[in-house]
Amino acid sequence: MNKLRFLQGVCVITWALFTACNPQQSQEHNPNSTMDVHSFAQPDVAVVKHLDLAISVNFGNRIISGTAAWEIETNGAAGQIVFDTKGLEIEKVTYGNGNPAEFTLGKEDPHLGQPLTIQLQENTEKVVIQYVTSPDAAALQWLDPQQTAGKEYPYLFTQSQAILARSWIPCQDSPGIRFSYNAKVQVPTDLLALMSAGNPTEKSSDGTYTFQQPHPIPSYLMALAVGDIRFHAIGRNTGVYAEPSMIEACAYEFADVQHMMDAAEELYGEYRWGRYDVIVLPPSFPFGGMENPELTFATPTIIAGDRSLVSLVAHELAHSWSGNLVTNATWDDFWLNEGFTVYFERRIMEAIEGRPYADMLALIGFQDLKNTIQRLGDTDPDTRLKLDLKGRNPDDGVTDVAYEKGFALLRTIEQAVGRERFDAFLKKYFNSHAFNSVTTEEFLDYYQKELIGADSALAKKINIRQWIYEPGLPGNHAEFSSERFEAVDQALTELENGSAPAQLQTQNWSTHEWLHFIRHLPENMDSAQMKTLDEAFHFTGSGNSELQAAWFLHAIRNRYEAAYPALEEFLVHVGRRKFLIPLYTALTESPGGKEMAELIYRKARPNYHYVSRQTIDELLR
Ligand code: BES
Ligand code: ZN
């Protein structure tokens with residue numbers, strides 16, 4: 001054992017003893033060490049600062065291969081650095097000077113993958129990892145040409161959140177660890193490559209693309225899309241990417257994005273990322289949207305033709321502040337990302353569409369929240385804002401609680417302190433924590449110091465600790481109502497009283513009114529009633545995915561079989577998990593529906609991304 005290693009050993013033992021005797025104190029001595037139970041990294045010992053990625057994308061064998069060169073920072077005594085990997089083959093590790101480094105891959109954990117431990121030398125500042133991904137890497141979805149709109153070229157996209165970045169890049173895969181990156185990506189010459197960074201607007205002649213992300217970001221925001229993709233500018237610093245046959249429709253749908261940007265900057269300060277573009281992906285994308293910096297990834301199911309589902313873009317844009325600029329330090333703090341973003345999203349929508357519009361979104365969200373809390377039970381620990389996901393998949397924390405209970409808390413605070421004061425607080429919060437990751441407890445300290453101060457009556461009125469650390473919905477929540485939905489409720493009453501659907505006053509209804517209408521139809525309807533409704537309003541054949549999904553749910557529960565072929569078509573082509581979960585669940589709960597669900601799933605599964613497969617495999621097991 002060399003002297004340095006021996007000294008390190010002594011240090012580790014001393015530290016372990018010290019920690020064992022003084023758990024409290026060691027926390028205080030280490031204020032920056034936030035324990036992330038979903039990463040093997042030990043950032044207190046050695047942490048990444050910058051990545052130089054050089055990869056090539058091979059559609060033939062569905063692998064990415066190349067090198068991840070990491071600039072690192074160590075505490076003086078560091079003997080090793082630990083990375084997260086999942087299914088990666090590590091071919092070779094070298095230091096910055098090209099000399100080989102010793103490394104080991106540890107035992108595999110089903111959620112977390114394997115730790116990659118690299119031995120460091122004195123003054124090591126860089127490690128270069130040469131690696132190959134697995135053909136079934138969790139973050140990667142490889143599409144055959146038939147699964148794209150154009151049917152001519154293959155397509156690849158990544159989904160790194162929450163802990164899947166490690167399946168395509170060896171990284172310290174924790175939202176509390178940030179790094180800047182440069183990348184060089186080689187793809188087939190006919191295809192365009194885009195990342196969560198400064199992006200090209202045209203194909204290169206040789207299939208090589210270079211990217212720079214100068215701001216420090218967490219690994220879950222690493223992203224790549226490769227395909228036959230075109231660009232269309234929207235405004236000053238906004239634009240859209242999509243397959244050629246979709247690009248015009250997407251540009252039309254997103255015409256308001258520049259206004260959203262202007263409204264967002266007006267609310268909470270300068271947009272710090274340069275450009276903001278949206279890429280509309282093929283329908284198997286498992287989420288509605290993903291806030292990859294400079295390039296939001298979006299599902300094509302929001303291209304409704306009437307711009308009615310664009311609040312999703314407001315949501316992903318808002319993440320440029322809440323999430324990407326100020327990031328949840330661990331997945332237990334997920335509400336800091338999503339609750340703030342839902343609040344910000346609705347403020348943007350209020351600014352461009354007016355309060356009655358934003359009120360509809362808020363009320364739909366609040367109803368979702370109440371349903372979720374009812375389903376989970378109001379004493380369930382997962383209904384707390386601060387989660388405890390140790391030993392679990394962080395995906396388990398992705399529920400309406402983080403989004404809508406988070407939103408309800410922020411709206412409650414807004415009402416208690418007044419909007420002007422709350423806006424000033426939020427703006428200052430984003431600025432003072434820019435490019436940093438924050439724990440719930442750090443937020444609480446800041447809230448106490450900057451918003452509450454000595455006003456104990458105010459603190460008591462809001463009682464924020466109950467919201468955060470206790471399950472269920474606190475009784476002091478803000479009230480939600482919508483004047484536009486009152487007209488819908490009126491129509492629903494008339495329908496129940498026997499009016500014919502065609503006689504209802506539905507002119508000028510937006511998607512949101514229709515959604516409210518479908519969701520509040522009488523629970524039990526016979527096929528004749530369903531048919532009359534469908535003939536009047538054409539829900540089954542609607543081109544609007546939100547309306548279709550809501551209608552199909554109602555159709556399954558009432559065994560309205562005329563809708564089943566369209567339902568099957570929808571489930572086979574759309575991989576968006578938010579739609580899949582309720583639809584498959586309703587099928588399994590309906591008589592004979594389990595078999596139908598399994599039949600459809602057999603056809604649909606090859607079209608779904610890993611995260612949707614995981615969920616539906618579990619659901620149908
Ligand atoms: N960041 C999320 C998506 C996500 C969360 C992916 C957790 C993986 C793990 C994104 O911003 C989001 O919330 N998307 C929503 C849409 C939004 C309008 C509520 C979605 O995909 O449905
Ligand atoms: Zn979000």
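The questions and answers below concern a metal site, some strands and some backbone angles.

Modeller: This is a predicted model, in which local features need pLDDT of at least 70 and side-chain atom pairs count only at pLDDT 80 or more, while totals for chains, interfaces and linings use all residues. Residues are numbered from 1 along each chain as its sequence is written, chains are lettered from A and ligands numbered from 1 in the order in which they are written, and side-chain values use heavy atoms, with hydrogens and water left out.

Biologist: Which residues are the protein donors of the zinc ion (ligand 2)?

Modeller: Donors are N, O and S atoms within 2.8 Å of the metal (3.2 Å for Na, K and Ca), and sites may look incomplete because water is not among the atoms. The protein donors here lie 2.0 to 2.7 Å from the zinc ion (ligand 2). They are NE2 of His315, NE2 of His319, and two OE entries of Glu338.

Biologist: What geometry does the site of the zinc ion (ligand 2) have?

Modeller: Four donors count as tetrahedral if all angles lie between 85 and 135 degrees; four count as square planar and six as octahedral if opposite donors are over 155 degrees apart and all others between 65 and 115; anything else is irregular. The zinc ion (ligand 2) has 6 donor atoms, with angles of 53 to 159 degrees among them. The site is therefore classed as irregular.

Biologist: What spacing do the donors of the zinc ion (ligand 2) follow along the chain?

Modeller: Along the chain, the donors of the zinc ion (ligand 2) show the spacing H-x3-H-x18-E. Among them, His319 lies in the loop between helix H5 (311–318) and strand E19 (326–328), and Glu338 lies in helix H6 (residues 334–353). Helices (H or I, at least four residues) and strands (E, at least two) are DSSP runs, numbered from the N terminus. This pair links distant parts of the chain, and its two residues are 19 residues apart.

Biologist: Is His319 buried or exposed?

Modeller: Buried means under 20% relative accessible area, exposed over 50%, and partly exposed in between (1.4 Å probe, protein chains only). His319 is in contact (heavy atoms within 4.5 Å) with Glu291, Asn324, Leu325, Asn337, Glu338 and Thr341, leaving aside neighbours within four places in sequence. Because its relative accessible area is 0%, His319 is buried.

Biologist: From which residue does a backbone nitrogen lie 2.9 Å from a polar atom of the side chain of Asn337?

Modeller: Asn337 is found in helix H6 and is buried, with a relative accessible area of 0%. Not counting residues up to four places away in sequence, Asn337 touches several residues, including Tyr220, His319 and Thr327. A polar contact is a pair of N or O atoms within 3.5 Å; within protein, one must be able to donate a hydrogen and the other to accept it, and residues adjacent in sequence count only if both atoms are side-chain atoms. The backbone nitrogen at 2.9 Å belongs to Asn328.

Biologist: Which residue in E13 does Leu192 stand opposite?

Modeller: Leu192 and Leu194 point one way from strand E11 (residues 192–195), while Ala193 and Met195 point the other way, and all are buried. E11 and strand E13 (residues 224–227) pair in the antiparallel sense over 4 bridges. The residue opposite Leu192 is Gly227.

Biologist: What is the phi of Lys151?

Modeller: Lys151 lies in the loop between strand E8 (140–143) and E9. With a relative accessible area of 54%, Lys151 is exposed. Although Lys151 is not a glycine, its phi is positive, at about 65 degrees.

Biologist: Which residue does a cis peptide bond join to Gln161?

Modeller: The omega of this bond is about 0 degrees.

How values were computed
Pairing = 2+ DSSP bridges.
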